[in-house]
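Please report on helix packing and nonpolar cores in the model below. Keep it brief.

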Amino acid sequence: MAEVLVLVDHVDGEVKKSTFELLTAARALGEASAVVVGTPGTAGKVKDALASYGAAKVYAAESDDATGYLVTPKVDALATVAEQASPAAVLVSATADGKEVSGRLAIRLGGAVLVDAVGVNADGSVDQSIFGGAFSVKSKAAKGTPVVSVRPGAVEAEQADGAAAEETVALPAVDPAKSAKVTGVEPVVGGDRPELTEASIVVSGGRGVGSAEKFDVVEKLADSLGAAVGASRAAVDSGYYPAQFQVGQTGKTVSPQLYVALGISGAIQHRAGMQTSKTIVAVNKDAEAPIFEIADFGVVGDLFDVAPQLTDEVAKRKG
Amino acid sequence: MTNIVVLVKQVPDTYSERKLNESDHTLDRESADAVIDEINERAVEEALKIKEAGEGEVTVLCVGPDRATDAIRKALSMGADKAVHVSDEALQGSDMVATAKVIAGALGKVDGYDLVIAGNEASDGRGGAIPAMLAEILGVPQLTHARELSLDGTTLKVDRETEDGVTHLEASLPAVVSVTEKINEPRYPSFKGIMAAKKKPVETVTVADLGVDAGELGLSGAYATVLEAAPKPPRAAGERVDDDGDGGTKAAEYLVGQKLI
């Protein structure tokens, strides 16, 4: 069975959930091989987690340069492994880094870039959802190795036993004339809430929230549900909530199991970032708000009445 | 003197209904209004700021059909000096690999570029990888998703902002930069700028002028091919209740019924 390479996303020895989704998708295509790029000792820390999601092999591409340069070490590692393993496909997460890695790797390998897949099929084709979920597309590589970026949260991660046999990959030295040096990092301080694009529930607030202070009504509901907090462009532009939480055409695209929209009218650009959510619940004072056209359950009313009541009901049920 | 090339793309307006052609699954350019992608205006603005802070020349580079000249004129009216427009029917249906290679080839038409500035992601394809792919082909550093940029001599510093947080980057020119929405507020073209743009040189070139492999271009040459495409059935509105003091409770009951809580 051909190998399928998965680029592992990890932070401080913790593997991101999206990587487990990639390993699950990879197993439908062949034998899942995890490629770990990091400073020496990283692969040892993440190996057990990768094994529990069915990684048959773990390629350890470790060097001090691995985190010292942008994107290039990941491309180098995947290209090196791909040359020896001739994989059926390479899977990465459809994040900013992941998409850039996939594009550059395709140039190196003479492969095909398949962007932002929401499904990976056994025949190697992928499903995509474009124009903010308005069109469904199925595409595949006509020639070359398929290099696929998979949208976080789109594939459900399933555990499986993997041998996680470790193999060392020698990373080439990085040429500073060809790569940007990383001189510092400020990771997102997400607190205890899940990451927006990885969360299975997202609670978002819009212009209707009215101020930055009042956004805590959104946060409280989110925390009762164990959800991530999002915001519409109108809310971000009004300074109610930081831009990194913006959902929509110019922000993040999310497709959680449940999306709760509080005081969001549902402009086409917002819908583009959330309309592939499995279930949508909307609360808005305006009965004519377009968000109700796509909501599975809508409450016409004041979010400052409805959301706290819902928060209490959720808390009661969780006991 | 910094030679800056700004990549500009004409896209269907995100406020109009965007579609794919039924026959070959390429973009239906007739169905939507065509505009310069918003993020490109920020790329132009950043180039103009660098030029105004020192010395330099700003060249607009656009790959697209004939009517993409509107997007080019917009960039020129903001203050860019000249443009290269790659327009060739052979490019119709090209994938990202072909696009990156054509842009790399077209850079050869610009006399000694120092810096390429692009948007981080086009609003239509949302591939978000062309600037990185271009850097790979050119063999220069990528400083992408920049929310802040500073240039001191030939040393370029960028604050990259993505879902992972902020990464501080440094490299020497030549380099490829892509910018995010937060980089700046683009200027509006002045009347004078609009009039001047009409006289600025736009060099139109075809694939044959660029030395790229024609076998990789267009629908037939693409590595990635679309098998099927269909509009999704619109989401139907579901249940809706008026809040009579129990709206939150009713929402909770709905979520319980859906096994979501």
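The report covers the cores, then a helix pair, then a helix at the chain contact.

This is a predicted model, where local features need pLDDT of at least 70, side-chain atom pairs count only at pLDDT 80 or more, and totals for chains, interfaces and linings use all residues. Residues are numbered from 1 along each chain as its sequence is written, chains are lettered from A in the order written, and side-chain values use heavy atoms without hydrogens and water.

**Cores.** A nonpolar core is a set of buried (under 20% relative accessible area, 1.4 Å probe, protein chains only) Ala, Val, Leu, Ile, Met, Phe, Trp, Tyr and Cys residues joined through side-chain atoms within 4.5 Å. The largest has 130 residues; A:Leu23, A:Leu50, B:Ile117 and B:Met133 are among those touching the most other members. Helix H3 of chain B gives the most to this core, nine residues. Apart from it lies another core of 33 residues, including A:Ala231 and B:Val241.

**Helix pair.** Helices here are DSSP runs (H or I) of at least four residues. The axes are lines fitted to C-alpha atoms over the stretch in contact, with angles from 0 to 180 degrees between N-to-C directions.

| Item for H3(B) and H4(B) | Value |
|---|---|
| Axis distance | within 9 Å |
| Crossing angle | roughly 55° |

H3(B) and H4(B) are therefore oblique to each other. Residues of H3(B) in the contact (heavy atoms within 4.5 Å) include B:Met96 and B:Leu107.

**Chain contact.** The buried residues of H7(B) pack against strands E15, E16 and E17 and helix H9 of chain A, together with strand E13 of chain B. Strands are DSSP runs (E) of at least two residues.

Technical notes. Buried < 20%, exposed > 50% of the residue type's maximum accessible area, 1.4 Å probe, protein only. Parallel < 35°, antiparallel > 145°, perpendicular 65-115°, else oblique.
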